[in-house]
Amino acid sequence: MGVNSNRVDDFSSHGNTLKITAEAIMPPTEIHRVCLPPYKTTREKLKQKLGEIFFPDDPLYRFKNQTLVQKLVLGLQFFLPIFQWGPEYSLTLFKSDIISGLTIASLAIPQGISYAKLANLPPIIGLYSSFVPPLVYSILGSSRHLAVGPVSIASLVMGSMLSETVHPSEEPILYLKLAFTATFFAGLFQASLGLLRLGFIIDFLSKATLVGFTAGAAIIVFLQQLKGLLGIVHFTSKMQLVPVIASVINHRNEWSWQTILMGFIFLAFLLTTRHISTKKPKLFWVSAAAPLTSVTLSTVIIFCLRSKVHKISVIGYLPKGLNPPSINMLEFDGHYLALAIKTGLVTGILSLTEGIAVGRTFAALKNYQVDGNKEMISIGLMNMAGSCSSCYVTTGSFSRSAVNFNAGAQTAISNIVMAAAVLVTLLFLMPLFHYTPNVILATIIITAVIGLIDYQAAYKLWKVDKLDFLACLSSFAGVLFVSVPMGLVIAVGVSVFKILLHVTRPNTLVMGNIPGTQIYQSIKRYREALRIPSFLILALESPIYFANSTYLQERILRWIREEEDWIKANNESALKCIVLDMTAVTAIDTTGIDLVSELRKMLEKRSLQLVLANPVASVMEKLHLSKMLESFGSNGVYLTVGEAVSDISASWKSEP
């Protein structure tokens, strides 16, 4: 049978009852010896293992073969990326950065005020959070396009978690203290992950769970804005779907037609500008300027008609001036410390995940690299600094970063320009926001979170991986019907369950030979792959650990039983040898070694030979140290499946 080696066919289910004789297999030129890996001391092994875990990117490679002065310069650039691109900064780059900085400022100012309301904080806190953190990030951050400030999801989570215990309107000072304290712990957690190089922890939030969590949180954010969009005065503080809808219906006597009319007019305006910018990316400035335009127009309208539209609530007085220090408001003891720590950890994980994902997205578009651990440190330090200067949790915003990217930002100076614009606003323009209607803030938030509902990604999950879709759906339902933090817990739980499922129930495949070659593939996947008489060739596709050793033993014995039943039904040659293809077995522990030993003894009692093919270096070393290889003898371990079949077949022929 001729085989085209460049062709891959998909035969997901077909019964392969053909066979190929051992003589028809292309014999190897020689039987290769399976070698042990080079000897290493325990210290060397530990050093290599820790290096692979914590330093997979080898961050110190640039320091090799450098003089002391060069190492000092490289160290300064490593910890403060601004010194890396700063010396090459030019007026041309500044022109691009100042345009992009002013553009994102027009978006950051109204969003900052809006997101602070979402977190049940005074609106001025949102502007404070758009001033100090961007300055810190511009010095420490490694992304050129990340626009820093408050974000909707972290604001919602902080607001929902803190308000469950402390009511923001009844105890505003305590609530504000807890928000700053939670921000401090969020930053401490983020910076610690970066310093200890434990960023892999956030990888437990898979994309599938984040799609569901973000969509559920976006819907909750949208429903919460119905209070401002409809002009409701008394509204539930709960975040679940049912209580929010019930509150909207039960308080329909508070609906204000004036508020509804203004809200839907400006919502239509914002959605239209968003659609224009989506269809024509060159017109990004249309949607970027729309929120500030809406705030300006609505404020002028309310100011001119303030005697006739008194039912439309406004922001009210906002104090002028720079961020007041808040280090004295951090609560490190007392009854609410556990709440602040828990809120900080949850919001820290979410904001860190969003910030790194956004930074890497735009870095890939411009072909440069963002260091995840340095990003954790910079985001963490900016939140710690922010907690001491009246700011709450901030990170890289996708909407503002997209505007920053499209506006032509070249470096992190755009964040400094944005912070300068916010500074001017804080010093001189705050009285102008007195008559800004709250309904406009609601429409700005609604417009921002609509883009977080990625139904196309959910549909792709359904088409590609049903288990990923289940994880997405579970986190989505958890946010909507239980709570936002519990939705996050469910998302992580489903992700961990999926990992455990893959670890404890690995794939095992029956392999066959593709005639005329030394290639062995699954007989269920390839029609060309044919069974070898008297051989059962099994491929194991995972490490062998204590968690899956029992399952693997039971599954291998079942494969043997099914093979023997098939042989009886088809009058084939009796089964004599089981070959375990260990190419994909990347690791083995002592329980796994015991499994191999017990399996060999069980099969030996049934006059069946067990052979191992292509064990990797670490597996081979452990089998050697455990004296397991001695029990297999000289013809028990082979470099390839083909060599194992050919050599064992030849030994059978030589027997009398």
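Let's start with Ser155, which touches Tyr115, Leu118, Ala119, Pro150 and Tyr392, leaving aside residues up to four places away in sequence. What you are looking at is a predicted model, and the mean pLDDT of its protein chain is 85.

- Ser155 sits in helix α7, which covers residues 152-163.
- Is Ser155 buried or exposed? Ser155 counts as buried because its relative accessibility is 0%.
- The side chain of Ser155 makes a polar contact of 2.8 Å with the side chain of Tyr392, and Tyr392 is also one of the residues that Ser155 touches.

- A pLDDT of 70 or more is reached by 95% of the residues in the chain.
- Residues 1-18 are a stretch to treat with care, as pLDDT stays under 50 there.
- The model has 32 contacts beyond four places in sequence for residues 1-18.
- Where pLDDT is low, predicted coordinates should not be read in detail.

- An unreviewed UniProt entry carries the annotation "transmembrane region" for residues 123-140, 174-198, 255-271, 283-303, 336-358, 412-433, 439-457 and 469-497.
- One of these annotated spans, residues 255-271, is 88% helix and 0% strand in the model, and its end C-alpha atoms lie 23 Å apart.
- Another, residues 439-457, is 79% helix and 0% strand, with its end C-alpha atoms 31 Å apart.

**Helix α16 and what it packs against**

- Helix α16 runs over residues 398-406, and its buried residues are Arg400, Ser401, Ala402, Val403, Asn404 and Phe405.
- Which elements do the buried residues of α16 pack against? They pack against α4 (91-118), β1 (148-149), α13 (284-304), α14 (337-365) and α17 (413-429).
- After α16 comes Gly408, which has a positive phi near 95°.

**Strand β3 and its two partners**

- Strand β3 spans residues 508-513 and is mostly covered, with five of its six residues buried.
- β3 runs antiparallel to strand β5 (residues 535-540), and four bridges join the two. Met511 stands opposite Ile537 of β5.
- β3 also pairs with strand β4 (residues 520-522), again in the antiparallel sense, over three bridges. Here Gly512 has Gln521 of β4 as its bridge partner.
- β3 and β4 form a hairpin, with six residues between the two strands. In the turn, Gly516 has a positive phi of about 80°.

**Salt bridges**

- Side chains of opposite charge can pair when their charged atoms come close.
- How many salt bridges does the structure hold? The structure holds seven salt bridges.
- Asp465 and Lys498 form one through their side chains, at 3.6 Å from N to O. Asp465 lies in the loop between α19 (455-464) and α20 (466-481), and Lys498 lies in helix α21 (residues 484-504), so this pair ties together parts that are 33 residues apart in sequence.
- Asp465 counts as partly exposed because its relative accessibility is 25%, whereas Lys498, at 19%, counts as buried.
- Lys498 also forms a salt bridge with Asp468, where the closest N and O atoms are 2.3 Å apart.
- Lys498 and Asp468 are both buried.
- Glu564 forms a salt bridge with Arg606, the closest N and O atoms being 3.3 Å apart. Glu564 is in helix α22 (residues 549-570) and Arg606 is in the loop between α23 (590-605) and β7 (609-613), so distant parts of the chain, 42 residues apart, are linked.- Glu564 is partly exposed, with a relative accessible area of 25%, and Arg606, at 41% relative accessibility, also counts as partly exposed.

**The annotated STAS domain**

- The unreviewed UniProt entry annotates residues 525-648 as "domain: STAS".
- In the model, residues 525-648 are 48% helix and 15% strand, and the end C-alpha atoms of this stretch are 26 Å apart.

Key
Residues numbered from 1 in each chain as written. Heavy atoms only, no water. pLDDT = per-residue confidence, 0-100. Contact = heavy atoms within 4.5 Å. UniProt positions renumbered as here; feature names shortened; annotations may be inferred. Buried < 20%, exposed > 50% of the residue type's maximum accessible area, 1.4 Å probe, protein only. Polar contact = N/O pair within 3.5 Å; in protein donor to acceptor, adjacent residues only side chain to side chain. Pairing = 2+ DSSP bridges. Salt bridge = Lys/Arg side-chain N within 4 Å of Asp/Glu carboxyl O.
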